[in-house]
Amino acid sequence: MDPEATWHELIEAIIAKDQTQSKHWAEILANWLRNGGFAPRVSLYDLPADWQRNLCLRICNSILNAPENCWRVSDEQPT
């Protein structure tokens, strides 16, 4: 398991608003972390390992528990 590669796949799925893939990668990464695996670097800042781990788990849990309307693709262009 490569948590860095998994993190990048997760971010790409979020950007694409792909609920299925986002939840897939979030579940894999959350399980990895819960089983003692090291966290990917989730911040551009040099945070301590426990902060990286906590942030990553929170993000994964947020994705896994996100309501359906978070995944809708809007036709509106950002301003």
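**Helix packing in a predicted model**

**View 1. Helices α2 and α3 are oblique to each other.** The angle between them is about 140 degrees, which therefore counts as oblique (under 35 degrees is roughly parallel, over 145 roughly antiparallel, 65 to 115 roughly perpendicular, and the rest oblique). The axes of α2 (residues 19–34) and α3 (residues 49–64) lie 9 Å apart, axes being lines fitted to C-alpha atoms over the stretch in contact, with angles from 0 to 180 degrees between N-to-C directions. This is a predicted model, in which local features need pLDDT of at least 70 and side-chain atom pairs count only at pLDDT 80 or more, whereas totals for chains, interfaces and linings use all residues. Residues are numbered from 1 along each chain as its sequence is written, and side-chain values use heavy atoms, with hydrogens and water left out.

**View 2. Residues at the contact of α2 with α3.** From α2 come Ser22, Lys23, Ala26, Glu27, Leu29, Ala30, Leu33 and Arg34, and they meet Arg53, Cys56, Leu57, Cys60, Asn61, Ile63 and Leu64 of α3 (contact means heavy atoms within 4.5 Å). By class, this contact has 9 nonpolar, 2 polar and 4 charged residues (Ala, Val, Leu, Ile, Met, Phe, Trp, Tyr, Cys and Pro count as nonpolar, Asp, Glu, Lys and Arg as charged, and the others, Gly among them, as polar).

**View 3. Helices α1 and α3 are likewise oblique to each other.** The axes of α1 (residues 3–15) and α3 come within 13 Å and cross at roughly 40 degrees. Trp7, Leu10 and Ile14 of α1 make the contact with Cys56, Ile59, Cys60 and Ile63 of α3, and these residues divide into 7 nonpolar, no polar and no charged.

Methods. Helix = DSSP H or I, 4+ residues; strand = E, 2+ residues; numbered from the N terminus.
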